[in-house]
Amino acid sequence: MTTRGESRLFPRTVGATRLAPKLISDKWLFTLSVGLVIFGVVMVYSASAVLAEERFDSQYYFLVRQAMWAVLGLTGLIGAMHIDYHVYQRPRVVFLILGVCLVLLIAVFFFPPVNHVHRWIRVRSFSFQPSELARLALIIFLAAYLDRRIPAGIKQFWMTLFPCALVAGLVIGLILLQPDFGTALMLGLILATMLFIVRVPLKQQATLLIPLPLVMYLALIRVDWRLDRLRAFLDPWQDPQGRGFQAIQSLVALGSGGLTGVGFAQGKQKLFFLPEPHTDFIFSQIGEELGLLGTGALVLAFGLIFWRGVRIALRAPDSFGMLLATGIIASITLQALFNMSVAVGLLPIKGMPLPLISAGGSSLFMTLTMIGILLNIAEQGKEDAD
C-alpha cells in the first residue's frame, strides 16, 4: 500500500523526504528559460519597433509590455518553484483551477471580439488569454486523475479514458468555439501524450479519433478562411499577394538571412512585409537577422529544454510528478515545434506564439509558471543539481 505522495509507477527512494525547494533546482532549465526570455525581449523590440512607432507613436510600446510581462512571468516561475507540486494533487485545488479556467473560457464570449474571434478578456489596457490557462488546468486535471486511477486499473474505459476525454472535450470544445483550432489541437495532443505515458490501451485511445473526421470537416472544410490557409499551404505561389502572402514572406525572411543573418535590427521583412513579425512569425524574423546560426541555436535551446523536461519526468519521485512534468514539457515543446514548423512552411499558417520568445503576456506568464512547477518537481526528484 502506498502512502500519499509516494510513487505508484516508480517507487520512492529509501529515505527520501519532501523537502522545501532550494534556490535553484535545475540550473540548466532555469538558465535556459531566463536566457530565452531575455533574448525574446530583445528580439521583440527589434521586430516591433517600426510597427509600434506606426501604431502607437512609440517604438518602445511592445518592448515595455514584453519586459513587464517578463518580470511578472519570472515572478510566477520563482513562486511556483517554491510551492510543493503535490498541492496541485488535492481535489479541491484541481477543480478550483479547472473551474476558473472554464468560467474564463465562457467569459471571453461576453467581451468584444478582436479580429472576429473571442480569445481575450480585456479590461482597459490589460488583456488575458484564457486558453493559455487551459493548458495548465487540463494538465493538472489529467495528472491528478490518472495518478488516482493507476492503483485501481488504468485499462478500465469508463473509469479512465471516458472521464479524461469528457473533461478534455469540454475544454477543447470551448476553445474551438472562440475559434482557436491550433490551441485545441495542441490540447488534444497533450491528452494523447499523457494517456500513452500511463499505457492506456491503444484500442481505447483509438476511440478518440472517431469524432475527428467530423471535427476536421466542420473546423477546416466548412470554414472558408481556414480552407484558404490549407490551400495556401499546399501551394502558396498560386496566390502570392493573397492567401499565400504570409507563407511566402516568412520564407523570404528566412532565406534572406543566409548563414549569419543581415544583422540585429537590420531586417527588412518587418517593414510591413512580414505580418506580425513580433508574435506569430518572430522565428522568421530571427532567421533574417541572425541567420541559420541564430535559428539553429534557438532550436538547440528548445531541444535542451525538452531533454531537461524528460529527465525531470523520469526522475520524479512519484507518478503524479511524472505525469505533471510530462504534460508540461509536451505543452512547451509541441507549441515551439508548431510555431517553427509554420514559419518554415511545414504546417499551414496558424497564429501560435513561440514560447518564451514571442510577444504575448498570457503565453509568457503561463509558460514560465509551468517551468517553475517543473523546477519544483526536479528539486524533489534528485539529490543534487547539475
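**Pockets and their linings**

Colleague: Which helices each supply at least two residues of the lining of the second largest pocket?

Modeller: Those are α5 (157–176), α6 and α8 (212–221). Helices here are DSSP runs of H or I with at least four residues, numbered from the N terminus. The model is predicted, so local features need pLDDT of at least 70 and side-chain atom pairs 80 or more, while totals for chains, interfaces and linings use all residues. Residues are numbered from 1 along each chain, and side-chain values use heavy atoms, without hydrogens and water.

Colleague: Where does the largest share of that lining come from?

Modeller: From α5, with 10 residues. In total, 26 residues line the second largest pocket, and I172, G188, L208, P211 and L212 lie nearest its centre. A pocket is an open set of 1 Å grid points where a 1.4 Å probe fits, with protein on both sides within 12 Å along at least five of seven lines; lining residues have an atom within 4 Å of a point.

Colleague: Switching to the largest pocket, what is at its centre?

Modeller: The largest pocket holds about 1,500 Å³ of space. Of its 50 lining residues, N115, W120, E276, T279 and D280 are the closest to the centre.

Definitions and conventions
Grid points are joined across faces, edges and corners, and a volume is the space filled by probe spheres set on the points.
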